[in-house]
Amino acid sequence: MSQHVLDQFMFVALPYVCLFTFFLMTIYRYRMQSFSYSSLSSQFLENKHHFWAVVPFHYGILVVTAGHFVAFLIPRTLLAWNSHPLRLYVLEITALAFGLLTFIGLTGVIVRRLSSSKVRIVTSPTDWILFAMLLIQTGSGISNALVYPWGSSWFATSMAPYLWSILKLSPDVTFVTAMPWMIKLHVVLAFLTIGFFPFTRLVHVLVIPNPYLWRKPQVVRWYGRK
Amino acid sequence: MNIRSQVSMVFHLDKCIGCHTCSIACKNVWTDRKGAEYMWWNNVETKPGTGYPTQWEDQDKYRGGWEKNSQDKLVIKSTGKARVVPNIFHNPHMPSMDDYYEPWTYDYQNLFNAPEGADQPIAKAISMITGEDIDIQAGPNWDDDLGGSEIYAANDPNLAGLTEQQRLQLNSVERLVFYYLPRICNHCLNPCCVASCPSGALYKRGEDGIVLIDQKRCRAWRSCVAACPYKKTYFNWFTGKSEKCILCFPRLETGQAPACFHSCVGRIRYLGVLLYDADRLEEVANMPDNQLVEGQRSLILNPHDPEVIRGAQSAGIPDSVIESAQQSPVYKFVMDWKIALPPHIEYRTLPMLFYVPPMSPVIANFEDGLANHSMDSLFHGIDQSRVPMQYFANLFGAGHEGVVRYAMGKQLAVRWHRRAETVGDVDRATADRYLHEADLTVEDAEAIYRLTSLCTFEDRFVIPPMHREQAIEMIKDPYEVKAETGFGFVGGPQRGL
């Protein structure tokens, strides 16, 4: 297979397949199996190490993912911010710190699930595949940050246009094909994770309880009354 | 006034024999499933004792219920609104399985399949979660009948405030005592579990006040488990959903008493409708501790009052439910006679399950080593009771003895009255004096006696017609509902991937 075909497959076909799967299957699962939408917490079965694994992981991955979204949504603003070296350093170090936090937390999650026999029982093969994907993804993300520094800037100039081209249905792989293989791996794995998303416990991020902070404390439901 | 109806309950502790039939009925009907093995929506505890989960009443440990913050506002003690967001990944006050017990079974197959050897094969205990061998450390009734135990009974949180002498007395052999406390969900008026759910999956049914968890909307944030001060919401570790007592609503809707009520051997359970004023809930839940019992009573409305009846009708409560409320045995115990009290009302959830506090067993008075049953001390006074009044006050009176003393005094007076009536070795004047002291008429004493001792099925369970059929017809095909057998959706509780 020529390099061109491979690139087209990895950065055009695969992203569309994964995104399509993501949207179709999450909606389908929500409509048909809404019972299965749960964070499937295992805190009840093991409460000693839970905090030290789950909390760093969640805070880490939330900040890192949010960072990717920001760079994707407002690349120009980000470049302007990075035009001062000090601000660039602060941003990069913060991002790296949260990346490391994610990695440490994720390692903790995996070790906890391996070591507690009760939690192992409620860990499915899907979970293990997902953990492996996330571990490689976080590891490659941290390596990219260390080996190819100032990612917040080159993401804004090179990756954001590619991602936007995918979204606008006119894929342009010029920038992404020129990337080193480790970054390519990160991109491909990201799309694979998105495609795998609706088949995993990850769906719980879609049902975060936002109305709670505004609703009245007590909930009463009436039959036949709205 | 915003009148609502609430299916309410009374448990008459003086009659509970601690047979656990209720627990087994409930277990067989509802929680005999994977992930729910450890749950006892109905459990019976020995008191004084630590209960299930262990020391559930110790809110310094479990942080259940409501508390007043520095601005005198009612907030959830575990994770209220502001704190739920940072704590959603790890609930800091979530009990774990170790606080309940790890369910186990026995490897019976080994009795058949064990290879031939020198010893008899045994059925080893194995965990129902991992299937591995288990060293059993605790069970749902681990301290059953262990009143007086230094390991269990001595750790009962209700012993707080008892003098050293009272504690010693509780442990002295002649005064050793225990009684039983059966517990189900209280279907509170101000449920902390409902208020704590980030997803809004928990709700109170408008028509009858039953508190339920919408299994499709529960996302396992676990707030309800931490928030319920009675620890009556449980986390299903397999399906990743919380579950709780549903007051057997599919049975109630077809006119049957809940399984635990129906099966009760001691006939201690009563069920009936109470009408209450929902507009005053917040006001009452905010009252000082010593006014809470009276405050909750003031919420409950007299179903015979024409004004209340009109108000209930305009609030859409069917006449059949109002009629049912007029015959409610719960109203008699809680409001007419005031001998049934809410458990731990200081948690401020306004529980709608009331307990008639138990009379301790009669103490024989010893004189020169011989039991003396002289008439004037036939029934010892409630202050000579083996269980100190302060203990019951901690459990049923938010620490205040008044309401408990009143309830116990009435029961004692009924005993004197009936002794005078049936045995006749107590003269009428003595019985009347006790009735007078207890604020009781002969008619009421007779009524208490009848509803306590001679109650039939129909006396104990006045189940309101729930009119679900009409309500359902408006929004769904009745045949579809029939196929769902009252559960709302068909499909196994399949764990997510």
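Colleague: Into which domains is chain B divided?

Modeller: Keep in mind that this is a predicted model. Chain B splits into domain 1, made of 17-101 + 137-260, and domain 2, covering 266-460. Notice that domain 1 is written as two segments.

Colleague: How many residues of domain 1 of chain B are in contact with domain 2 of chain B?

Modeller: For that, count residue pairs whose C-beta atoms lie within 7 Å. Here 26 residues of domain 1 of chain B touch 25 residues of domain 2 of chain B. On the domain 1 side, the contacting residues are 15 nonpolar, 9 polar and 2 charged. As for spacing, the C-alpha centres of the two domains in chain B are 24 Å apart.

Colleague: Now the sheet. Which strands form it, and in what order?

Modeller: The order is β1(A)-β8(B)-β9(B), an open sheet of 3 strands with mixed pairing. The edges are β1 (220-221) of chain A and β9 (211-213) of chain B, each pairing on one side only. Strand β8 (residues 202-205) of chain B runs antiparallel to β9(B), with 3 bridges between them. To find one bridge on screen, go to Tyr203(B), whose partner in β9(B) is Leu212(B).

Colleague: What percentage of chain A is buried?

Modeller: A residue counts as buried with 20 or more other C-beta atoms within 10 Å of its own. In chain A, 24% of the 226 residues are buried.

Technical notes:
Residues are numbered from 1 along each chain as its sequence is written. Chains are lettered from A and ligands numbered from 1 in the order in which they are written. This is a predicted model: local features need pLDDT of at least 70, side-chain atom pairs count only at pLDDT 80 or more; totals for chains, interfaces and linings use all residues. Domain bounds come from an automatic or database domain assignment. Two residues are in contact if their C-beta atoms, placed from the backbone, lie within 7 Å. Ala, Val, Leu, Ile, Met, Phe, Trp, Tyr, Cys and Pro count as nonpolar, Asp, Glu, Lys and Arg as charged, and the others, Gly among them, as polar. Two strands pair if DSSP finds at least two bridges between them. Helices (H or I, at least four residues) and strands (E, at least two) are DSSP runs, numbered from the N terminus. A residue is buried if 20 or more other C-beta atoms lie within 10 Å of its own, exposed if 12 or fewer, and partly exposed in between; C-beta atoms are placed from the backbone.
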